[in-house]
Amino acid sequence: MNINFTLIAQAIAFAVLIWFTVKFVWPPLLKAIETRQKEIADGLAAAQEGRSALEVAAKKSEVTLAEAKQKASEIIAQAEKRGTQIVEEAKGNAKVEGDRILAGAKSEIDQEVNRAKEGLRAQVSALAIAGAEKILRKEIDAKAHSEMLSKLAAEL
Amino acid sequence: MATEHADNAQHALTPSAYIEHHLSFNAQPLNESAGFWTLHVDTFVMSVALGLIVMGLIWLVARKATAGVPTKTQAFVELVFGFIDDQVKNIFHGNRHSFIAPTALTVFLWVFAMNSMDFLPVDWVAGIVSFFGGEHAKWRAVPTSDINTTFALALTVWILMIFFAIKVKGFGGWIHELFCAPFGTKIWVWPANFMFNLIEYVSKPLSHSLRLFGNMYAGEVIFLLLGMWAATGLTGTIAGAILGAGWSIFHILIVALQAFIFMMLTVVYLAMAHEGH
């Protein structure tokens with residue numbers, strides 16, 4: 001247990017070792033570890049960001065889907081409405097057309113009936129005149145009565 | 001002839017001669033007067049070699065340290081680094097990376113390596129040394145069981161402590177603190193303050209160095225006693241081997257613990273120097 005020059009030698013050795021560690025050993029290790037820590041932190045932050053972005057996108061897609069569904073149902077409702085409208089219109093048109101055709105047919109029938117009546121009237125008057133002629137041939141002058149008869153025929 | 005014979009007799013296996021031989025340093029006088037100018041070659045060579053090996057190995061890893069996926073070796077070094085860094089972070093709240101944390105790493109690893117020399121069987125070391133240097137060659141393998149080593153470390157820390165105290169507080173601030181802390185600034189408590197600080201400044205390096213020295217020295221002596229027991233015969237050999245194994249295992253704890261305590265005290269002292277009262 002005697003203190004001697006070894007003390008100084010050891011102190012110098014210690015100082016040199018400290019200098020060596022401060023200068024050459026600690027900094028590269030610190031740099032490597034801190035860089036890795038930063039990289040890991042960045043990675044985790046990026047993952048978190050990605051997760052939140054995914055959440056936002058999912059929400060957005062949900063909203064868009066809901067919107068699309070609503071729009072589709074709106075379009076379908078509109079189309080149905082339009083369809084019934086078209087059907088109604090067609091029905092109305094058909095009715096009008098039918099009525100028109102019916103009216104046309106009726107008037108034609110009326111005309112035909114009138115024409116037939118006219119024909120019949122003429123024939124009846126002719127027959128009546130012929131009959132009357134036959135009856136009256138002996139008694140009446142044809143000439144004298146024909147004017148009156150034709151007048152009669154026209155009145156029929 | 002006679003003296004040589006006496007010398008041999010003295011170095012024959014008597015317990016005191018055995019222990020004395022194992023506890024003697026390989027002391028080389030640096031000049032004629034010797035005295036203070038003596039170097040313990042064994043202590044110095046062992047400690048420097050261990051320092052170079054340990055810090056060199058760490059440096060080899062640190063030099064190629066990558067921020068990417070680390071190798072297993074780098075992971076181990078980073079484990080040690082993180083352990084030291086955490087300890088320092090809890091005690092010292094400043095820029096620890098510029099000096100205090102690397103110093104703590106140096107102290108821990110170096111002291112740990114020097115303490116670990118205690119695991120080398122005492123008589124193997126003596127055997128190897130006497131094979132190369134002759135029967136009377138002396139070589140102590142554990143540098144930390146030399147008071148010069150522990151005192152050198154503690155004194156270096158002490159000087160750093162004063163250096164940082166002056167650097168942080170200024171010379172005036174340091175002197176002011178010597179006289180005005182911890183009892184107050186009134187002039188009549190100045191002597192008490194100064195005495196208090198003086199005792200603190202003296203006791204710090206003494207307790208710092210003697211704790212480590214005492215532990216390692218006592219450990220070595222117990223190994224020597226067990227080794228001596230082994231010389232008494234078969235029973236002693238078996239008992240000595242069993243107890244020696246037990247003491248070695250317990251000593252693993254002491255070696256690590258003393259290195260850790262020495263490192264922690266270093267950090268605490270340096271951190272205290274940075275703080276004002």
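What pattern does chain B follow, read along the sequence? The pattern is α-α-β-β-α-α-α-α-α-α-α. That makes 9 helices and 2 strands in chain B. Helices here are DSSP runs of H or I with at least four residues, strands are E runs of at least two, and both are numbered from the N terminus.

Some ground rules. This is a predicted model: local features need pLDDT of at least 70, side-chain atom pairs count only at pLDDT 80 or more, and totals for chains, interfaces and linings use all residues. Residues are numbered from 1 along each chain as its sequence is written, while chains are lettered from A and ligands numbered from 1 in the order in which they are written.

Chain B overall. Its C-alpha atoms fill a box of roughly 70 × 60 × 40 Å along the principal axes. Chain B has 277 residues, and 34% of them count as buried. Buried means 20 or more other C-beta atoms within 10 Å of the residue's own; exposed means 12 or fewer; partly exposed is in between; C-beta atoms are placed from the backbone. Now contacts: two residues are in contact if their C-beta atoms, placed from the backbone, lie within 7 Å. Take contacts in chain B between residues at least 6 apart in sequence: 66% of these join residues at least 24 apart.

Next, the interface. Chain B puts in 39 residues and chain A 28. On chain B's side, the elements giving two or more residues are β2 (38-40), α3 (41-63), α4 (72-91), α5 (100-116) and α7 (147-180). The most come from α3(B), with 10 residues. By type, chain B's side splits into 24 nonpolar, 12 polar and 3 charged. Nonpolar covers Ala, Val, Leu, Ile, Met, Phe, Trp, Tyr, Cys and Pro; charged covers Asp, Glu, Lys and Arg; the others, Gly among them, are polar.

UniProt, in an unreviewed entry, lists residues 6-26 of chain A as "transmembrane region". UniProt positions are in the numbering used here, feature names are shortened, and annotations may be inferred rather than shown by experiment. In the model that span is 100% helix and 0% strand, with its end C-alpha atoms 28 Å apart.

Look at Val25(A). Val25(A) sits in helix α1 (residues 6-136) of chain A. Why does Val25(A) count as buried? Because 26 other C-beta atoms lie within 10 Å. Leaving aside neighbours within four places in sequence, its contacts include Met55(B), Ile58(B), Trp59(B), Ala62(B) and Pro102(B).

Now the largest nonpolar core. It has 63 residues, and those with the most contacts inside it are Ala104(B), Phe108(B) and Val111(B). Such a core is a set of buried Ala, Val, Leu, Ile, Met, Phe, Trp, Tyr and Cys residues joined through C-beta atoms within 7 Å. Elements giving two or more residues are α1 of chain A together with α3, α4, α5, α7, α8 (190-230) and α9 (234-274) of chain B. The most come from α5(B), with 12 residues.

Last stop, α4(B). Buried there are Val77(B), Phe81(B), Ile84(B), Asp85(B) and Val88(B). Down the axis of α4(B), the buried residues fall within an arc of 105°, so they line one face of the helix. That arc is taken from the directions from the helix axis to the C-beta atoms. On the other side, exposed residues include Lys72(B), Phe76(B) and Asn90(B). Cover for the buried residues of α4(B) includes α1 of chain A, plus α3, α5 and α9 of chain B.
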